[in-house]
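Me: I have a structure to go through. Can we walk it from the overall fold down to single residues?

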Amino acid sequence: MSTAANKQVVLKEYVSGFPKESDFDLTTATVEFKVPGGSNSVLVKNLYLSCDPYMRIRMSKPDPSTAALAQAYAPGQPIFGYGVSRVIESGHPDYKKGDLLWGIVGWEEHSVITPMTHMHFKIQHTDVPLSYYTGLLGMPGMTAYAGFYEVCSPKEGETVYVSAASGAVGQLVGQFAKMMGCYVVGSAGTTEKVDLLKTKFGFDDAFNYKEEEDLSAALKRCFPTGIDIYFENVGGKMLDAVLLNMNPLGRIAVCGMISQYNLENQEGVHNLSNIIYKRIRIQGFVVLDFYDKYSKFLEFVLPCIKEGKITYVEDVVDGLEKAPEALVGLFHGKNVGKQVVVIAHD
């Protein structure tokens with residue numbers, strides 16, 4: 001067989017506001033089961049795809065006046081993101097048929113990629129679920145690790161607040177903080193997710209932000225002595241409330257601002273003067289800057305998984321045709337845990 005049908009998820013047009021399933025098409029193209037001679041290309045069969053909030057930024061029309069680290073998707077072309085794949089054919093010296101890797105691939109059954117340092121990683125440890133490389137052992141895991149340990153500089157006994165705490169990154173940040181001996185509180189948008197934070201992930205406390213009339217009062221209730229570290233995933237009104245409750249010399253690691261991604265006019269933040277008076281350090285970060293620490297991360301996290309010190313929850317859907325629904329659901333809080341799309345199991 002030299003060619004095969006290749007189902008793909010294609011973006012129809014640039015998106016304004018909340019994305020909808022109708023913004024995507026499921027189309028079928030053809031893939032060559034041979035890589036060009038003399039190239040470093042690799043043909044892979046995609047097994048798992050990762051749904052991540054940052055992908056919303058790539059759906060918008062590029063704005064030259066706005067700094068953007070993420071390349072915009074091209075309408076009429078397959079979208080792309082992190083996935084776990086098996087090598088079918090390889091012209092790259094570091095990959096052979098049968099190897100497993102995780103990294104950037106197309107949202108399709110098969111992709112032709114050129115593996116790049118810090119963009120694609122060969123999977124060496126297969127005694128854990130392969131789907132973990134879309135989350136716990138992939139980009140979200142590295143994001144939690146780098147953001148908490150490298151950016152936040154935590155100390156034992158500090159107070160830590162995590163927003164969007166039941167998501168792919170937040171659930172890990174909370175568990176890392178507990179392992180450090182910190183007092184940890186998380187917020188989420190449903191009773192089910194709040195219960196998950198307290199019963200499965202070991203947070204000291206948690207609250208449903210949708211049920212709180214006054215976010216600052218909720219934080220004061222959970223942190224009577226103030227917040228030392230805030231792991232920011234949300235932005236907007238939540239960040240405003242946090243600034244009022246931060247302790248002097250507090251640290252805020254800005255990982256994402258999902259409350260703002262679908263707004264045409266982003267909300268302002270009003271309590272910024274607290275940054276001065278409390279000498280708060282706010283640092284945005286991008287996981288790409290920390291991939292050189294990936295082997296160090298694996299040395300830390302793999303034993304934690306095998307010893308049962310870390311729990312990871314995935315929200316799994318089967319089939320590429322379900323991928324647009326799963327991705328759109330992220331922005332309505334429908335996922336419980338890390339959202340994963342299964343394309344094939346082998």
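What follows is a short chat about this model.

Me: What kind of model is it, and what are the ground rules?
Reply: It is a predicted model: local features need pLDDT of at least 70, side-chain atom pairs count only at pLDDT 80 or more, and totals for chains, interfaces and linings use all residues. Residues are numbered from 1 along each chain as its sequence is written, and side-chain values use heavy atoms, with hydrogens and water left out.

Me: How many helices and strands does the protein have?
Reply: The protein has 9 helices and 15 strands. Helices (H or I, at least four residues) and strands (E, at least two) are DSSP runs, numbered from the N terminus.

Me: And the radius of gyration?
Reply: The radius of gyration is 21 Å, close to the 20 Å from the globule rule for 346 residues, so the protein is as compact as a globular protein of that length. The radius is taken over C-alpha atoms, and the rule is 2.2 Å times the number of residues to the power 0.38.

Me: What does the C-alpha trace span along its principal axes?
Reply: About 65 × 45 × 35 Å.

Me: What share of the residues is buried?
Reply: 55% of the 346 residues count as buried. Buried means under 20% relative accessible area, exposed over 50%, partly exposed in between (1.4 Å probe, protein chains only).

Me: On to the core. Which residues have the most contacts inside the largest one?
Reply: Trp102, Leu137 and Leu327, in a nonpolar core of 90 residues. A nonpolar core is a set of buried Ala, Val, Leu, Ile, Met, Phe, Trp, Tyr and Cys residues joined through side-chain atoms within 4.5 Å.

Me: What does Leu327 touch?
Reply: Phe24, Cys51, Asp52, Met55, Met59, Ile79 and Trp107, leaving out residues up to four places away in sequence. Contact means heavy atoms within 4.5 Å.

Me: What lies apart from that core?
Reply: Another core, of 20 residues; Val185, Leu215, Ala218 and Tyr230 are among them.

Me: Now α2. Is it mostly covered or mostly open?
Reply: Mostly covered: 11 of its 13 residues are buried. Among them are Met139, Met142, Tyr145 and Phe148.

Me: What happens just after α2?
Reply: Ser153 takes a positive phi of about 45° there, although Ser153 is not a glycine. Ser153 sits in the loop between α2 (139–151) and β8 (159–162). Ser153 is partly exposed, at 34% relative accessibility.

Me: What about the phi of Arg279?
Reply: Positive too, near 50°, in a residue other than glycine. Arg279 lies in the loop between α7 (273–277) and β13 (281–284). Arg279 counts as exposed because its relative accessible area is 51%.

Me: Lys278 is in that loop too. Buried or exposed?
Reply: Lys278 is buried, at 15% relative accessibility. Its contacts beyond four places in sequence include Leu243, Asn245, Met246 and Pro248. Lys278 and Leu288 are 10 residues apart in sequence and 30 Å apart in space, C-alpha to C-alpha.

Me: Switching to strands. Where is His110, and what is it in contact with?
Reply: His110 lies in strand β6 (residues 110–113). Its contacts, leaving aside neighbours within four places in sequence, are Asn6, Val31, Phe33, Leu43, Val44, Lys45 and Asn46. His110 counts as buried, at 13% relative accessibility.

Me: And Thr3, which strand?
Reply: Strand β1 (residues 3–11).

Me: Last one. Where is Gln175?
Reply: In helix α3 (residues 170–179). Gln175 is buried, at 5% relative accessibility. Neighbours within four places aside, Gln175 is in contact with Phe201, Lys309, Ile310 and Thr311.
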